[in-house]
Amino acid sequence: MKLIEKRVVLHFPGFEPLDGVAHRARYERSARQSAAVWSYSVETGAADEGSDPVSFEVRTAERVAAPEVGTGSPRWQTKSRIHMVDHDILVRKLRAGNTLSQIIAGFRSCAEIMFEGGMRGYFRHAWRFGLFFLFPFLLTALAIVLTAQIAIMPYGLGFSPWHMLWSGPLALCFFICAYLPFSERFHTLHLFADWKMAVALGRMDHADFNAWLEDQATAVRKVLDEEADEYVISSHSMGSSVAAHVIGILLEREPEIFKGKRLVFATLGSAILQCALMSSATLLRARVGLIARCPEISWLDVQCLTDSINFYKVPVVAVSGHADAPQAKMILIRVKQMLTREHYRKIRKDQLRVHRQYVLGPDLQAPFDFTLLTSGPMPASVFADPDEKRMPG
């Protein structure tokens with residue numbers, strides 16, 4: 001198997017309040033962990049000044065122990081150019097506004113997803129994802145009911161309505177000082193914004209979102225002009241829907257754009273169906289079909305049993321309405337195989353933390369490693385086969 005000397009990577013991060021520079025810093029930390037576990041050397045360069053999307057170079061090589069002068073050169077060296085196609089600008093836009101407006105907008109998104117059959121699809125294909133969808137809304141609805149109960153408590157006890165002059169402020173104090181800080185443990189308002197973005201990417205009725213996607217497609221098109229042995233387009237969580245739109249736009253513009261290229265599309269903890277199961281998401285589903293039918297693209301769909309925020313063992317291409325198209329290769333991983341027992345015990349109850357592990361560094365050698373997928377010496381396609389080596393022998 002020919003080793004990779006030069007690789008171009010386009011990574012679409014998940015829905016997090018991090019810009020490209022912050023994602024680069026996370027990548028550097030994860031790469032150091034991976035290098036220590038697999039015993040290779042890694043050098044993560046600084047972000048290129050003025051690059052948009054943020055790009056940087058990663059060099060990996062065989063670790064040579066105490067080489068003598070003129071000897072000990074590594075047998076393999078790989079240079080990868082990473083481009084972070086983050087959507088932090090959209091995250092900040094969706095999180096703008098006061099708390100009340102964010103809550104109202106969140107519940108509006110919830111109603112739209114229910115009306116368009118999204119929730120029904122979640123519970124049909126991945127019931128745990130359905131619970132993930134309902135959780136922040138049920139938690140906030142319960143808090144609103146308790147707040148209202150406190151406010152009308154004097155009326156229920158038969159007191160004069162004048163007593164609501166103190167019960168009203170008390171109810172407001174409960175919601176602001178007790179519920180909101182408590183809900184931040186579960187990132188409730190952030191999840192409200194996440195569902196707003198899911199609706200926007202499904203309906204494609206936000207002019208600013210659509211213009212941003214077109215701009216990213218133009219930027220990605222320029223990146224694809226770089227010469228490389230392999231091109232990897234990786235995406236995490238909500239970033240997979242963004243990536244599907246961007247790749248789909250390119251295929252719509254130029255059906256032969258990837259001809260002659262070796263390209264792997266790796267979706268990690270993909271949330272494409274979070275948007276695609278809405279009845280209005282016809283454009284997203286069509287673009288999923290374009291990607292699946294493109295002969296130059298090898299689609300790897302990395303899923304995890306212990307991650308409730310993905311569609312485990314669900315064929316994304318078929319469920320998107322393309323049962324006759326080549327299906328994405330499912331890669332089933334376990335987070336507990338990547339971390340020490342103590343580390344896994346600390347994070348296993350935090351579902352958002354478990355969900356991030358796809359793009360974080362490992363404690364142990366495991367069947368999946370994000371750094372090796374995007375910067376390792378072996379072709380990314382080796383991750384499609386559990387028996388393939390992850391490092392050169």
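**A sheet and a buried threonine**

Eight strands make up an open sheet, in the order β2-β3-β4-β1-β5-β6-β7-β8, and their pairing is mixed. This is a predicted model. Strands of a sheet pair through backbone hydrogen bonds, and the pairing can be parallel or antiparallel.

Now look at the ends of that order. Which strands stand at the edges? They are β2 (40-44) and β8 (329-333). Each has a single partner strand, so one side of each has no neighbour in the sheet.

Strand β8 pairs with β7, which covers residues 297-304. The two run in the parallel sense, and five bridges join them.

Next, move to a helix. Helix α16 spans residues 370-375, and Thr-374 is found in it. Is Thr-374 buried or exposed? Its relative accessibility is 0%, so Thr-374 counts as buried. Buried here means under 20%.

What does Thr-374 touch, leaving out residues up to four places away in sequence? The list is Arg-7, Val-9, Tyr-27, Ser-80, Ile-82 and Ser-234.

Thr-374 and Val-8 are 366 residues apart along the chain. Yet 8.5 Å separates their C-alpha atoms.

Terms used:
Residues are numbered from 1 along each chain as its sequence is written. This is a predicted model: local features need pLDDT of at least 70, side-chain atom pairs count only at pLDDT 80 or more; totals for chains, interfaces and linings use all residues. Side-chain values use heavy atoms; hydrogens and water are left out. Helices (H or I, at least four residues) and strands (E, at least two) are DSSP runs, numbered from the N terminus. Buried means under 20% relative accessible area, exposed over 50%, partly exposed in between (1.4 Å probe, protein chains only). Contact means heavy atoms within 4.5 Å. Two strands pair if DSSP finds at least two bridges between them.
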